[in-house]
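Open the structure in your viewer and keep the selection panel at hand. This tour tells you what to pick next and what you will find there.

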Amino acid sequence: MKQGFDGRDIISIKDLSKADINHIMNVAEEMLPIARGEKKSSLLNGKILATLFFEPSTRTRLSFESAMNRLGGNVVGFATSKATSAEKGETLADTIKMADAYSDVIVLRHPNEGAARLASGFSSKPVINAGDGAGQHPTQTLLDLFTIKTEKKRIKGNNIVLVGDLKYGRTAHSLTYALAMFNATLTFVAPETLQMPKEILSYLKESGVEFRQSSSLENVVPDADVLYVTRIQKERFPDPEEYAKVAGIYRVDPEMLSNAKKDMIIMHPLPRVDEIVPEVDKTGHALYFKQAFNGVPVRMALLSLVLGAKK
Amino acid sequence: MKELKVQPIKDGTVIDHITAGSALKVLNILGISKNPIATVSVLMNVRSEKEGKKDIVKIENRELNPKEVDKVALIAPNATINIIRNYSVKQKHKVSLPDTIKGIVRCANPNCISNLKEPVEPVFRVVSKNPIKLRCYYCEREMEDVAGNIV
C-alpha cells in the first residue's frame, strides 16, 4: 500500500519502499538550487525543527539545520546531552513529549539503539532518526543513494565496492539493504574478522542480489564503479591488539587508483582517519565532500515531505 | 495395563508435549520454581509416540492464564495446555506463538533503549517459529537465545 509522507516518521531504511526512496530523491533534486543558496525558499516558513542530539555529530546536525534554514524554517535544540534534563535522569519519553509540544518535527540522535522508534511512539509530530547507537541512520543511506544516482544517472547495474568495517558499520548495513532494492552489483572488501554479517548475506542471496567478497582491495578496484570506503572504528574493538591488526589495512592512495575506471567515484560517510590519503582529494574520483553536501538537499526533501509542504 | 508413574491431578494444569529436557525451564518461566505455591510434578524423558521423548509438568490447583501460555510457547513450541477440573480435561489448547510478543522477553542487546528506564514494555516480532527467532521492535536486532532472556 502506498503511504503518503505527511506526518510520517523516518526511522529505518527498511520502512521505505523503492518508490518512497525514488520520490525522496526526486524532491531532493528539486531542492538543489535552494541548498546551494542560488534560490530562496519560504516553503517551511513558520515551522520549527527540534534537533535533539544526545550524541555529538558534525555533518548530520549542521546539514539538518542548514536544510531547515534554507527552507525558511526555524531550529531549536541541543547538540549534547550535557546541560539537559537527561543528565538529571529524565527519560527519553519525557524529553520527546516536551519537544513534541515545542516543535513541528523532531530530529533525534541518541546513543541507544531503538531510541528513535521509541520516540516516534511518544510524539504526535514526525520523528526523523539521525542515528541511534549502532542501529539505523536512514538519512545517511538516502544521501548516499542520492549521490550515486546523481553521479551515475542510475543505481542499477553499477558495481559498488564497500570496503572497511562491514561487520559493525551501520552505514554499510543500511546501504547494502537499500542497494539490494535497486539491483546494484555488490562487492564486499574486509578482513575476515570484519566481513558483512551472515544475516545480511543470506538476505542478499534470498533476494537474488549478485555479490562477491574479497579481502584484497587492489584486485577489485579496476572494475569498480563506486568505491564506498568506511572507517574501521576503534571504539568497536574491546582489545587494542585486535584493532592494531586491522587498522590501516586498507588505504586508498593515488597509486592504487591508477588502474581504476576513469569515472569511478570514491565515497565515504566521514569522518575519515587514514583510509583515504589527502592526495586523493585532488583526483576526479573523490566525491566525499560533495556527498556530505548532498545531505542538505536530501534532508530538505525529507523535512518538506514529512511536514506536508511537498507531496 | 498402563503403568502410572504419577497420579492424575484433581484440579490444575497439565502441560504436555514439552520438548524433552525443557521441563525445568518451563517451571522457571512460570516462576513456579522460585515461588512454590502449588504441588508440582515433573516428568522428564517420558516415552512418546509422536516425539520419541517428552517432558510433562503437572501443576495442582493452578490454571494458567493466556499470558503465561505465551511464555510456555517460547520455550516449548509443541506443548499442550490442559486445564483439569475434577479429574477431567475441561480445556485443551496447543500453545501457539503469537506474531508479536510483548513484555515477556527482554532484548538481549544491552544497549537497546527498551532495557533503559523508559515507560515501555519490550516488544518483539516473531520472525521464525522454528527455531524461534525474535526481532526487537525497537533496536531491530534478532535474538535466538529466548530462554535466557525471559523476564
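Predicted model: local features only at pLDDT ≥ 70, side-chain atom pairs only at ≥ 80, totals over all residues.

Select 13-136 + 294-306 for domain 1 of chain A, then 139-292 for domain 2.

**Where the domains touch**

Now look at the contact between them. On one side are 18 residues of domain 1 of chain A, and on the other 19 residues of domain 2 of chain A. Color helix H1 (18-35), strand E4 (127-132) and helix H11 (295-306) of chain A. Each gives two or more residues to the domain 1 side. Which element gives the most to that side? H1(A) does, with five residues. By class, the domain 1 side holds 10 nonpolar, four polar and four charged residues.

**Into the core**

Next, select Ile266(A) and Leu303(A). In the largest nonpolar core, which has 121 residues, these two touch the most other members. H11(A) supplies the largest share of this core, eight residues. In soluble globular proteins, nonpolar side chains tend to be buried together.

Stay on Leu303(A) and show what surrounds it. Leaving out residues up to four places away in sequence, Leu303(A) touches Leu44(A), Leu49(A), Ala67(A), Met68(A), Leu71(A) and Val105(A).

**A helix to walk along**

Select residues 138-152 of chain A. This is helix H5, with 15 residues. From its first C-alpha to its last, H5(A) reaches 21 Å, close to the 21 Å expected at 1.5 Å a residue. Is H5(A) largely enclosed or largely exposed, and why? It is largely enclosed by the rest of the structure, because 12 of its 15 residues are buried. Among the buried ones are Pro138(A), Leu142(A), Asp144(A), Phe146(A) and Lys149(A). Step past the end of the helix. Lys153(A) follows H5(A), and its phi is positive, near 70°.

**A cis bond**

Go to Leu270(A) and Pro271(A). The peptide bond from Leu270(A) to Pro271(A) is cis, with omega near 5°. Pro271(A) sits in the loop between strand E9 (265-267) and helix H10 (288-293) of chain A.

**Across to chain B**

Now show both chains. In the contact between them, 13 residues of chain A meet 16 residues of chain B. Highlight helix H3 (92-102) and helix H4 (115-122) of chain A, which each give two or more residues to the chain A side. H4(A) has the largest share, three residues. The chain A side divides into four nonpolar, six polar and three charged residues.

Chain B has two helices and nine strands. Along the sequence, they run β-α-β-β-α-β-β-β-β-β-β. The C-alpha atoms of chain B fill a box of roughly 55 × 30 × 25 Å along the principal axes.

**Two last stops**

Select His17(B), in strand E1 (residues 12-19) of chain B. His17(B) is not a glycine, yet its phi is positive, about 60°. Is His17(B) buried or exposed? His17(B) counts as buried, because it has 20 C-beta neighbours inside 10 Å.

Finish at Glu140(B), in the loop between strand E8 (132-136) and strand E9 (142-143) of chain B. Glu140(B) also has a positive phi, near 70°. With 19 C-beta neighbours inside 10 Å, Glu140(B) counts as partly exposed.

Methods. Residues numbered from 1 in each chain as written. Chains lettered and ligands numbered in written order. Domains from an automatic or database assignment. Contact = placed C-beta atoms within 7 Å. Helix = DSSP H or I, 4+ residues; strand = E, 2+ residues; numbered from the N terminus. Nonpolar A, V, L, I, M, F, W, Y, C, P; charged D, E, K, R; others polar. Core = buried A, V, L, I, M, F, W, Y, C linked by C-beta atoms within 7 Å. Expected span 1.5 Å × (residues − 1).
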